[in-house]
Amino acid sequence: MNARPKAEKLKSSAGRVPPHDLDAEQVVMGECLMSPAGFDEVGDILKPEHFFNDAHTVLFAVMVELAGEGVTIEYPTIAARLRDRDQMQRVGGAGYIGQIVHDVRAVADVRPYAERIRTLWQVRQTINAARRIASE
């Protein structure tokens, strides 16, 4: 998929890529885009900042916003909101969103993927805190 972060962008100051799982992120994004119920399954587990991929962060933030407004979470409403804010290219364009839906197959339970995303975010937070402490 074309909106994966570039490896050089991901390296930490120690030259390592922080823990993440882009496949799990794409499964969650795909489930949310394919079915309005997909968001309902993960909305209580995830926040936009939990995603490693910037495109997924932006997409999930739009989903959270739409859900808060009582708007159905589906491709047309998400795409319209992204276009209104000139953020469509930030998420890789309509092609990337369509590619997520096309490439990701439905899973029986999306919650474990969401929990993995959140856990990896917690690990990244711990690593960042340790780095801050070590630099002081």
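Residues are numbered from 1 along each chain as its sequence is written, and side-chain values use heavy atoms, with hydrogens and water left out.

The protein has seven helices and zero strands, where helices (H or I, at least four residues) and strands (E, at least two) are DSSP runs numbered from the N terminus. Along the sequence the pattern reads α-α-α-α-α-α-α. Of the 136 residues in the protein, 39% are buried; buried denotes under 20% relative accessible area, exposed over 50%, and partly exposed the range in between (1.4 Å probe, protein chains only). Contact is defined by heavy atoms within 4.5 Å. Among contacts between residues at least 6 apart in sequence, 66% join residues at least 24 apart.

Confidence was expressed as pLDDT, the predictor's confidence in each residue on a scale from 0 to 100. The mean pLDDT of the protein is 89, and 90% of its residues reach 70 or more. Among the elements, α4 has the highest mean pLDDT (97), and helix α1 (residues 7–10) the lowest (42). The pLDDT is below 50 over residues 5–11, a stretch that has 12 contacts in the model beyond near neighbours in sequence. Where pLDDT is low, the predicted coordinates should not be read in detail.

The largest nonpolar core comprises 31 residues, and those with the most contacts inside it are Val28, Leu46, Phe60, Met63, Ile78 and Leu82. Such a core is a set of buried Ala, Val, Leu, Ile, Met, Phe, Trp, Tyr and Cys residues joined through side-chain atoms within 4.5 Å. Two or more residues of this core are given by each of α2, α3 (36–42), α4 (54–68), α5 (75–84), α6 and α7 (111–135). The largest share, seven residues, comes from α4.

Phenylalanine 60 lies in helix α4 and counts as buried, at 0% relative accessibility. Leaving aside neighbours within four places in sequence, phenylalanine 60 contacts Met29, Cys32, Phe39, Val42, Gly43, Leu46, Lys47, Pro48 and Phe51.

Two packed helices are described by the angle between their axes and the distance between the axes. Axes are lines fitted to C-alpha atoms, for helices over the stretch in contact, and angles run from 0 to 180 degrees between N-to-C directions. Angles under 35 degrees count as roughly parallel, over 145 as roughly antiparallel, 65 to 115 as roughly perpendicular and the rest as oblique.

The axes of α4 and α5 come within 10 Å and cross at roughly 110°; the two helices are therefore roughly perpendicular. Val58, Leu59, Val62, Met63, Glu65 and Leu66 of α4 make this contact with Thr77, Ile78, Arg81 and Leu82 of α5. By class, the residues divide into seven nonpolar, one polar and two charged, where Ala, Val, Leu, Ile, Met, Phe, Trp, Tyr, Cys and Pro count as nonpolar, Asp, Glu, Lys and Arg as charged, and the others, Gly among them, as polar.

Helices α2 (residues 22–34) and α6 (residues 93–103) pack at about 95°, with their axes 8 Å apart, and are therefore also roughly perpendicular. Here Gln26, Met29, Gly30, Leu33 and Met34 in α2 meet Tyr96, Ile97, Ile100 and Val101 in α6. The contact of α2 with α6 has seven nonpolar, two polar and no charged residues.

Beyond neighbours within four places in sequence, arginine 105 contacts Glu31 and Met34. The C-alpha atoms of arginine 105 and valine 27, 78 residues apart along the chain, are separated by 7.7 Å. Aspartate 86, in the loop between α5 and α6, is exposed at 71% relative accessible area and has a positive phi of about 55° although it is not a glycine. Proline 112 belongs to helix α7 and is partly exposed, at 44%.

Definitions and conventions:
This is a predicted model: local features need pLDDT of at least 70, side-chain atom pairs count only at pLDDT 80 or more; totals for chains, interfaces and linings use all residues.
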